[in-house]
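Trainee: I would like to learn how to read helix packing, sheet order and confidence. Can we work through an example?

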Amino acid sequence: MSSHFFDGSSAKRYEITPEVWQEGISFSTERGDLAWRYEDLIRLWDYRPSDHLAFTHRKHQDSRLIIEEPELVKAIGQHAPDLLNRKKEGLRAARVAGVLAVGVITVVAAIYFLVPPITDTLARIVPWSFEVEERPELAALEKFLGKRCTAGRPNEILKSLTDQLLSVSDFPHPILIDVLDNKMSNAFALPGGRIVVMRGLIRNARSPNELSAVLAHEIGHVVNRDLTERWMRNSAIGAIATLLFGTGPTSLGDTLFQNSLSLSFSRSDEEAADRYSVHLLNQLDLDPSGGAAFFERLSRSGGLGETLPDYLNTHPESEGRADYFRERGTGTKQALSPADWLILKQICVKSS
Ligand SMILES: [Zn+2]
């Protein structure tokens, strides 16, 4: 019965006479003296017979230290009971894992709840020129959403409708509005005051005020700086995730945070944009039932099943929003004359 040691770089078996201390085990080989601290030891539990202790070292995992003398085994057990009792070691690991999990959840919750209010405040003081620099070119959108509808007179009418809405807002910067030839019934705001409307939204709208309510909602996102806020929030969360988990934008940072946040505005952003929409409609004395009708159709169709942000996947509670337009709206007029509305509906029909 004798303790022995393998250095991991040769097959040589060193016979040793270990000494057991409060902090660890020391022993000598022909190649020198070694002192292994208990905290650096990894017990090899599968080693047999099980009343012998086999260890490797955290930093030299090819080496093996085998302790066979019962009195040494007992002494090690007194100084480092975890090395003799596998259950305890398991418990310790579970405790560490538990503490880690709570830590991660706390951090994630903190990011989730603390970052948005901070970025929300910051977004409002970021200069508008910053957002304009981030404004996507229409050509880039045309590539995957459809060509811009260029018919002259309908575009003039759409522009004047937008200007009408802007005239009662206190937003001092121009807003660009374009229609793309796409059958989706959708519209969305992009950084720098670009609003894109799909042909499907205009075609399916039953009244000019339905379109006006949606446009005013999108103007609300622009005025509230929701685009900057969303961008800052995603950047901040991505940066924190990378810092915490050391992952690039394609892995954990992405899946854990970005996907849940990046495409959609928050619910409070949506509610604020609705309030803004009703506010503009009221200022212009426009009948809000168009907005209500739009949300009612949206709720019946289950969100239309398309995949772009804004009117499609971020508005699950459309029915409540219809009520909001109906209850808070006070106006009575239509935004466009029936004649102009008919012309606007032809916006994507090519003039021959
Ligand atoms: Zn929205």
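Mentor: Start with a handedness. Helices α5 and α7 cross in the right-handed sense. Keep in mind that this is a predicted model.

Trainee: Which residues of α5 and α7 make the contact?

Mentor: From α5, they are L158, L161, T162, L165 and L166. From α7, they are L211, S212, L215, A216 and I219. By class, this contact has 8 nonpolar residues, 2 polar ones and no charged ones.

Trainee: How should I describe the geometry of such a pair?

Mentor: Two packed helices are described by the angle between their axes and the distance between the axes. Here α5 spans residues 152-167 and α7 spans residues 208-223. Their axes come within 10 Å and cross at roughly 60°.

Trainee: At what angle do α7 and α10 pack?

Mentor: The angle is about 120°, and the axes lie 7 Å apart. Helix α10 covers residues 267-283. α7 and α10 are therefore oblique to each other. The crossing of α7 with α10 is right-handed.

Trainee: Which residues of α7 and α10 make that contact?

Mentor: α7 gives S212, A213, A216, H217, I219, G220, H221 and V223. α10 gives D269, E270, A273, D274, Y276, S277, L280 and L281. Sorted by class, there are 8 nonpolar, 5 polar and 3 charged residues.

Trainee: Now the sheet. In what order do the 3 strands of the open sheet run?

Mentor: Read across the sheet, the order is β3-β4-β5, with antiparallel pairing. The edge strands are β3 (19-20) and β5 (32-37), each pairing on one side only. Strand β4, residues 24-29, pairs with β5 over 6 bridges.

Trainee: What is the mean pLDDT of the protein chain?

Mentor: The mean is 82, and 86% of the residues reach 70 or more. Then go element by element. Strand β9 (residues 176-180) has the highest mean, 95. Helix α9 (residues 252-261) has the lowest, 44.

Trainee: Over which residues is the pLDDT below 50?

Mentor: One such stretch is 248-263, with 27 contacts in the model beyond near neighbours in sequence. Another is 302-309, where the corresponding count is 19 contacts.

Key. Residues are numbered from 1 along each chain as its sequence is written. This is a predicted model: local features need pLDDT of at least 70, side-chain atom pairs count only at pLDDT 80 or more; totals for chains, interfaces and linings use all residues. Side-chain values use heavy atoms; hydrogens and water are left out. Two strands pair if DSSP finds at least two bridges between them. Helices (H or I, at least four residues) and strands (E, at least two) are DSSP runs, numbered from the N terminus. Axes are lines fitted to C-alpha atoms, for helices over the stretch in contact, and angles run from 0 to 180 degrees between N-to-C directions. A crossing is left-handed if the near helix is turned anticlockwise from the far one by less than a right angle, and right-handed if clockwise. Contact means heavy atoms within 4.5 Å. Ala, Val, Leu, Ile, Met, Phe, Trp, Tyr, Cys and Pro count as nonpolar, Asp, Glu, Lys and Arg as charged, and the others, Gly among them, as polar. pLDDT is the predictor's confidence in each residue, from 0 to 100. Angles under 35 degrees count as roughly parallel, over 145 as roughly antiparallel, 65 to 115 as roughly perpendicular and the rest as oblique.
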